[in-house]
Amino acid sequence: MNTGRMRELGEKRSVIRELFEYGNKRKAEIGPENVFDFSIGNPSVPAPKEFSDELCRMLSEESPLALHSYTSAPGDLSARKSIADDLNERFGTSFGPENLYMTCGAAASLTISLSAVVGDGEEVILFAPFFPEYTVFVETAGGKPVTVPCRWPDFQIDFEKLSEVLNEKTAAVIINSPNNPSGAVFSEDSIKKLSSILSEAEEKFGRKIYLISDEPYRELVYGEIKVPFVTKYYNDTIICYSWSKSLSLPGERIGYILVSPENPDWKEVYSGICGAGRALGFVCAPSLFQHMIPKCIKMTSDISVYKKNRDLLYGALSDLGFEAVHPDGAFYLFVKSPEPDAKAFSEKAKKHELLIVPSDDFGMEGFVRISYCVSTEQIERSLPAFKKLAEEYSL
Ligand code: PLP
């Protein structure tokens with residue numbers, strides 16, 4: 001392990017965290033109602049009441065020893081069985097508990113999966129814009145991140161650019177749809193084409209190329225939009241899921257890894273996942289929330305609030321002359337900076353107490369991310385500030 005790099009990671013806060021901390025300081029100075037904080041992706045809708053009711057019931061009626069004990073390392077059998085049954089019912093698949101490994105959220109799912117399938121010095125393709133922690137996770141697993149920008153303005157995959165970077169060292173490709181920070185959802189056509197390009201590359205380079213699908217926002221899509229279920233298109237798929245966003249449980253650290261049984265080598269991959277979880281010291285996912293999974297497998301938070309926020313913010317900013325990706329999912333709006341330097345744009349926004357994140361750390365320049373997982377009222381109150389910002393740029 002590179003100890004200097006670890007120190008550097010510990011000392012340097014992410015741009016998102018910097019802005020969030022600045023927001024807290026500013027709120028103390030001028031009052032929280034006067035700061036329009038769109039910096040962070042913390043769900044603004046609570047977990048449903050049935051979830052809290054069931055959690056309270058379990059805590060008061062079931063054996064504390066059983067609820068808080070270690071589970072087996074891959075996870076409690078009934079939690080994994082209920083996930084497999086739910087996926088099979090929704091997507092017509094045939095998974096069993098043996099394909100699932102319970103984790104401490106999507107971040108853990110990703111670090112474990114990358115450690116399991118990426119060899120030292122091998123490459124991992126990331127489609128920009130991407131969740132900034134990907135580069136940290138890939139590098140810590142010994143891999144090298146390779147960035148492929150998505151197409152403007154629909155933010156689907158640029159297949160020409162993808163084909164240019166695939167080579168004998170490519171071990172994995174990470175996709176994240178619905179996407180943080182763009183809100184874009186990869187269409188079925190995109191997933192089909194991606195699958196066929198990766199299959200050809202596997203053939204050409206005589207090696208496995210894993211498609212790691214990071215899906216904490218899978219349930220957060222609006223209107224008629226459907227998120228294609230990736231194992232149906234590509235055999236060498238590993239899914240990284242969490243309930244951080246869909247059930248508003250980011251602090252509880254609960255998620256899973258699914259290794260597709262369509263991959264003839266899935267058992268070896270699954271062993272690698274178990275080994276990586278062990279080597280990284282995860283022991284097991286939080287027991288209490290594993291025991292909740294069979295009870296809440298059909299629940300989501302009330303995502304209608306996010307849709308309302310999306311419609312309000314996208315409509316208002318478009319009317320003001322800002323250009324943005326139409327977000328079909330997640331809870332982020334990705335807006336083109338009216339000047340090439342997004343950091344300068346974000347600084348100007350700060351003068352109007354608008355906290356919006358420049359896109360550079362998402363692997364793409366020239367945009368800002370606005371997290372609309374806030375109260376609808378905050379968005380309404382922020383619109384005069386966005387208007388002043390638009391006027392400053394004569395939009
Ligand atoms: N992947 C993406 C794209 C995210 O946006 C996040 C969190 O914001 C994560 C992974 C990490 O999620 P978790 O809280 O489940 O670890």
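**Cysteines, a helix, a ligand and a loop**

User: How far is the sulfur of Cys-274 from the closest cysteine sulfur, and which residue holds that one?

Analyst: The gap is 13 Å, and the partner sulfur sits in Cys-284. That is too far for a bond. Keep in mind that this is a predicted model.

User: What cut-off would a disulfide need?

Analyst: The two cysteine sulfurs must lie within 2.5 Å. At 13 Å, the sulfurs of Cys-274 and Cys-284 are too far apart.

User: Is Cys-274 buried or exposed, or partly exposed?

Analyst: Cys-274 is partly exposed, at 25% relative accessible area.

User: And Cys-373, buried or exposed?

Analyst: Cys-373 is buried. Its relative accessible area is 5%.

User: New topic. Which residues of helix 7 are buried?

Analyst: Helix 7 runs over residues 133-140. Its buried residues are Tyr-134, Val-136, Phe-137 and Val-138.

User: Which residue just after helix 7 takes a positive phi?

Analyst: Gly-142, with a phi of about 95 degrees.

User: Now the ligand. Which residues come nearest?

Analyst: There are 14 residues around the ligand. Ala-106, Asp-214, Tyr-217, Ser-242 and Arg-253 come nearest.

User: What part of Ala-106 lies 2.8 Å from a ligand oxygen?

Analyst: A backbone N or O atom of Ala-106 does. From Asn-180, a side-chain N or O atom is 2.8 Å from an oxygen atom of the ligand. Ser-244 has a polar side-chain atom 2.8 Å from a ligand oxygen.

User: How much of the ligand does the protein bury?

Analyst: The protein buries 91% of the 400 Å² that the ligand exposes when taken alone.

User: Last one. Where is Ser-359?

Analyst: Ser-359 is in the loop between strand 11 (357-358) and strand 12 (367-371).

User: Is Ser-359 buried or exposed?

Analyst: Ser-359 counts as buried, because its relative accessibility is 0%.

User: What does Ser-359 touch?

Analyst: Leaving out residues up to four places away in sequence, Ser-359 touches Phe-334, Ala-342, Met-364, Glu-365, Gly-366, Phe-367 and Val-368.

User: Which atom of Gly-366 lies 3.5 Å from a polar side-chain atom of Ser-359?

Analyst: The backbone nitrogen of Gly-366.

Conventions. Residues are numbered from 1 along each chain as its sequence is written. This is a predicted model: local features need pLDDT of at least 70, side-chain atom pairs count only at pLDDT 80 or more; totals for chains, interfaces and linings use all residues. Side-chain values use heavy atoms; hydrogens and water are left out. Buried means under 20% relative accessible area, exposed over 50%, partly exposed in between (1.4 Å probe, protein chains only). Helices (H or I, at least four residues) and strands (E, at least two) are DSSP runs, numbered from the N terminus. A residue is near a molecule or strand if one of its heavy atoms lies within 4 Å of it. A polar contact is a pair of N or O atoms within 3.5 Å; within protein, one must be able to donate a hydrogen and the other to accept it, and residues adjacent in sequence count only if both atoms are side-chain atoms. Accessible areas come from the Shrake-Rupley method with a 1.4 Å probe; for residues, only the protein chains shown count as cover. Contact means heavy atoms within 4.5 Å.
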